[in-house]
Amino acid sequence: MTIPETAPAPQARAGATAPGLLAALAPLLSAESDAEAPAAGVDPGDLEQAVWLRLLEQLQETGAAPERPAEWLRRAVRAEARRARRTHDRERPYRDEPSEEPDGAEPQGSPEHSLLAAEGRRSLRAAVTRTPGRCPKVLTAMLDPEDPTYREIAGELGISQGSLGPMRSRCLGCLRRMLAAEVPAPGRRGRVR
């Protein structure tokens, strides 16, 4: 639906129904916001929301829609983009403020991150104790926070340093297979019919 630039909006004259005006302007606002947002350094959805808010404020104050809604909308999008650009240029992050991690991961040092890391360590240690033969001792020595050398680990376990590498590889392979069997593969959940 196109809105003529020169003709006043029919809703503005007849007591204006805001939902009708909003529905008519939605595609134009989306396109304008998508065009202006990258240069302003903001999300197009944030820009759209700011313009909708400005339009609703005007409808509440004046009780009527703008004379030329499409033209008003384009000007409002550009004005909001300029405002966002000025704000972005002046904002500086705090030095102590944690940066956002990619993919929605929790920042280092946050309670959620600490909890997830501790849970991962508990799961790993539990799996290590279930490995066969000498593997629990070998893997526990490898996981020691003091980070011992191969010579120290071999001396502690009473084996030759040369046999520690192959034994470590076998134990890690066993642990990998155990953990792979415990973690469900991504995909469909529930009953397959």
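Two residues are in contact when heavy atoms of one lie within 4.5 Å of heavy atoms of the other. The contacts below follow that rule, and the model they come from is predicted.

The protein chain holds 8 helices and 0 strands. Read along the sequence, its pattern is α-α-α-α-α-α-α-α. The chain has 193 residues, and buried residues make up 27% of them. Its accessible surface comes to about 13800 Å². Carbon and sulfur atoms account for 53% of that surface. Contacts across the sequence were also counted. Among contacts with a separation of 6 or more, 55% join residues 24 or more positions apart.

Helix 3 covers residues 44-62, a run of 19 residues. From its first C-alpha to its last, helix 3 reaches 27 Å. That is close to the 27 Å expected at 1.5 Å a residue. The buried residues of helix 3 are L47, E48, A50, V51, L55 and L59. After helix 3 comes G63. The phi of G63 is positive, near 80°.

S33 has its place in helix 2. S33 counts as buried because its relative accessible area is 0%, and the cut-off for buried is under 20%. Residues up to four places away in sequence aside, S33 touches P44, L47, E48 and V77. L47 and E48 are themselves among the buried residues of helix 3. E32 also lies in helix 2. E32 has a relative accessible area of 13%, so E32 is buried as well. Leaving aside neighbours within four places in sequence, E32 is in contact with R74, V77 and R78.

The largest nonpolar core has 16 residues. Within this core, L21, V51, L55, W72 and L73 touch the most other members. Helix 2 (18-40), helix 3 and helix 4 (69-90) are the elements that give two or more residues to the core. Helix 4 gives the most, with 6 residues.

Helix packing was examined next. Two packed helices are described by the angle between their axes and the distance between the axes. Helix 6 spans residues 135-142, and helix 7 spans residues 150-157. The axes of helix 6 and helix 7 come within 10 Å. They cross at roughly 145°. The crossing of helix 6 and helix 7 is right-handed. On the helix 6 side, the residues that meet helix 7 are K137, V138, A141 and M142. On the helix 7 side, Y150, I153 and L157 take part.

The loop between helix 6 and helix 7 contains D147. D147 is not a glycine, although its phi is positive, at about 55°. D147 counts as exposed because its relative accessibility is 61%, and the cut-off for exposed is over 50%.

A further serine, S123, has its place in helix 5 (residues 111-129). S123 has a relative accessibility of 37%, so S123 counts as partly exposed. S123 and L179 stand 56 residues apart in sequence. In space, their C-alpha atoms are 9.3 Å apart.

Methods:
Residues numbered from 1 in each chain as written. Predicted model: local features only at pLDDT ≥ 70, side-chain atom pairs only at ≥ 80, totals over all residues. Heavy atoms only, no water. Helix = DSSP H or I, 4+ residues; strand = E, 2+ residues; numbered from the N terminus. Buried < 20%, exposed > 50% of the residue type's maximum accessible area, 1.4 Å probe, protein only. Areas by Shrake-Rupley, 256 points an atom, 1.4 Å probe, with all protein chains shown as cover. Expected span 1.5 Å × (residues − 1). Core = buried A, V, L, I, M, F, W, Y, C linked by side-chain atoms within 4.5 Å. Axes fitted to C-alpha atoms, helices over the stretch in contact; angles between N-to-C directions. Left-handed = near helix turned anticlockwise from the far one by under 90°.
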